[in-house]
Each structure stands twice: as C-alpha cells, then as structure tokens.
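Dear colleague,

Please find the structure below, together with its sequence.

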Amino acid sequence: MLSFSETARCGGARAGEVTTPRGSFATPVFMPVGTRGAVRTLSSADLEDLGAAVVLANTYHLMLRPGAELISERGGLHRFMDWSGHVLTDSGGYQVMSLEPKLDDTGATFRSTYDGSTHTLTPERAVEVQALLGSDIAMVLDVCPPLPSPRTVIESAVERTAAWAARARAAHRSIAPPAQAQFGIVQGGVDLDLRRASAARTREIGFDGYAIGGLSVGEERYERLEPLQATTEMLPADRPRYLMGVGDPLSIIEAVGVGVDMFDCVLPTRLARHGTVLTAEGRLNLTNARFARDDGPLDPSLVNDPAGRWSRAYLRHLLMVGETAATRILTLHNLAWLFDLMEATRRAIDEGRFETHAEAVRAVWER
C-alpha cells in the first residue's frame, strides 16, 4: 500500500518520497495530465524520456470512451498505454462542476459529451471504474463548486463530499485491487472554517493520501494561500498532500511553502497549443513578431531541453504555418521546464534554502 516519508524540511516546505507497490517517486512532484490515456501530442516513450513520474488520467472520459471494461480486458491502463510509471485517476468530480449535471445524494447524472447518452456517476461507480482502470492512485468522487459561489453552495458541497467520501472509502475497501491507493478530497472554497471542517471530516474517514480541491476554480491567487494553509495544517503529516488543478510556477512554489507535495494541471500542454513557453524569463508567446529573427533557444538556462536544438525563429515559423510539430516540441519543452523547476525545488528544500529559491521564482513570475 502507499506510504509517504518526509526526507527534508525547510520552513513549511517539505521534500519526501511516495512509495507504492509499483515503486517510488520524489516530492514535490508535478503530474502531467493525460486526459484520455495520453498527454496531448506525446507518447508514453516521450514521458519516459522526460522523466515523468506520475501521469493523471480522466475517469469521466475513459469511462465513456473506450470504456473502463474494455481497458480492463486489455490488462488495465498501464498496459493499454504501455506506461510503466505511476498513474493517478481523478474521479470525475471536476466534470461535476464543468458539465453542471443533476446532483442528488445518490450521485451526479449527466449527458455524455460524445453522444448525448445519460450516465449516473455515484461514489461507488467512480470506485468501480477506477478499479477497472487499475490506476495506482484513485480519487473519491467529490462536489467541486466554482468560485465565487454563495456560502450555502459551498456548505452543501462540503456536506455531500464528506458523505460521498465515506461511501467511496467503504466501496474501495470492498472491490478495489489491494495495490491501489485512494485519496480523499477536501472542499470548502476560500472559507477557512469550512476548509478546516472538511479537512477534519476527510481525515477522520482515513485515506492513503489527501487532495485539496475547490481551489484554482475562479478565485484570485491571493485568496488561495490562506485557505490552502488552513487545510494542510489539518492533514496528517505522514500522508501525501495533493493540490488539484494547479500548475503555474508561482502557485506551485507558494503551495510547496505551506506543505503541498503533488500537483497536476493542463497548463503546460494548453500553453504549448497556443504558442506559449515557460522560461527563466517568464512566459514567452512565440507568435510575437519579435521572435521572427531570434536564433536563440527557448530557454538557454534549461539543461538538456528537448527543444534546445531549434531556434525561437524556427519554432515560431512552425506555429505560424500551423505545423503540428510545433505543438509537440513546445509541449516537450514546457513539461521539461516544469520538471526542472520541481527538481530545483526539491534540491532547495534539501539544502535548506527554499525561501531564497521561492523569492527567485517570485521575482520572475509576479511581474
């Protein structure tokens, strides 16, 4: 089963190691999103070359196409993807927010984005689907309201998330493979009291790890840190903490500073599709005319950049003529850049200089 060991601490930031029957990975860690079983434009071989430790897959989409049962018949998601690293599957909770389904105490009923068919996702069905997928880490089904929302909406989300979490935990103990870990999810918006109450109730149920949901869903960045810290302070120190849906460098560093270990986001792939890259200078949009004659690499400071052999001018040209190779190359770069940031962050914690490292990140990304 999953275990977590803290290997270094610097202030509120911590470095650690998560161990599962599949192996181990170091934290803090960024997990690229492979919604339908692949990270956009990349293969499993690409992810191996980049050194990705964990890939996120989407329960909602895989449940609908090609179907969890079909994937299970093929040996599970790892074999289906030919991916030997870790896989974390979400529960479909984000779609509870984005698709605005009918909610009741039973679960969430929604129409498929593929063919309009109607489906009901219950806490138990979310467990069953993820068991069929065979992920290493499965998430409970939660209710994630957008922000801002009325307090009554946030309170209802906290109550229903807690009730669903208890059902999901019982179902997981009954039907999930022994090697699969399960994380609970804390809700509560930016309300400190609701955050603490949700964290306490989730912790009381008892999970292998704990996720922090309901942030980065419409609130300002400055509103996020205090409720985030209030949550991490309530969670067990011997379990990993996962902030869902956050991937910009400044937000990652701030969250690491209050004890968060795991992150995921579509940001690096989405930026790449729009011609934007992450660099030591900040974000650069290559469609800008100033890069048309720029013969330099995307980021000269990134050692072993998979995009380092090509110039900004050439990659801008590919973007401007709609060449799909550009999106692939920029995606490789953005993920390599984020993985490098996480490695530098782990090293800074190990060496007791996290605050200096964080200040350097702020100096670039707060402007």
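This is a predicted model: local features need pLDDT of at least 70, side-chain atom pairs count only at pLDDT 80 or more; totals for chains, interfaces and linings use all residues.

Is Asp191 buried, partly exposed or exposed? Asp191 counts as partly exposed, because its relative accessibility is 24%; buried means under 20% relative accessible area, exposed over 50%, and partly exposed in between, with a 1.4 Å probe and protein chains only.

Residues are numbered from 1 along each chain as its sequence is written, and side-chain values use heavy atoms, with hydrogens and water left out.

**Salt bridges**

Asp191 forms a salt bridge with Arg151, and their closest N and O atoms are 2.3 Å apart; a salt bridge is a side-chain nitrogen of Lys or Arg within 4 Å of a carboxyl oxygen of Asp or Glu. This pair links distant parts of the chain, 40 residues apart: Asp191 lies in the loop between β11 and α8, and Arg151 in helix α7. Helices (H or I, at least four residues) and strands (E, at least two) are DSSP runs, numbered from the N terminus. Arg151 is partly exposed as well, with a relative accessible area of 42%.

A second salt bridge joins Glu128 to Arg125, with the closest N and O atoms 3.0 Å apart. These two residues are 3 residues apart in helix α6 (residues 123–133), so about one helical turn separates them. By the rule above, the count comes to 23 salt bridges. Glu6, Arg9, Arg14 and Asp261 are linked in a network of such bridges.

Strand β11 (residues 181–186) is largely enclosed by the rest of the structure, because 6 of its 6 residues are buried. Ala181, Phe183 and Ile185 point one way from β11, and Gln182, Gly184 and Val186 point the other way. In a regular strand the side chains alternate between the two faces of the sheet.

β11 pairs in the parallel sense with strand β10 (residues 137–139) over 3 bridges; two strands pair if DSSP finds at least two bridges between them. Within this pairing, Gln182 is the bridge partner of Ala138. β11 also runs parallel to strand β12 (residues 209–212), to which 4 bridges join it. From β11 the chain crosses through helix α8 (residues 192–205) to β12, and this β-α-β crossover is right-handed; that is, with the strands pointing away from the viewer, the path from the first strand over the helix to the second runs clockwise. β10, helix α7 (residues 151–175) and β11 also make a right-handed β-α-β unit.

**An antiparallel sheet**

Three strands form an open sheet in the order β7-β8-β9, with antiparallel pairing. β7 (102–103) and β9 (118–121) stand at the edges with a single partner strand each, so one side of each is left without a neighbour in the sheet. Strand β8 (residues 108–111) pairs with β9 over 4 bridges, and Phe110 stands opposite His119 in β9.

Yours sincerely
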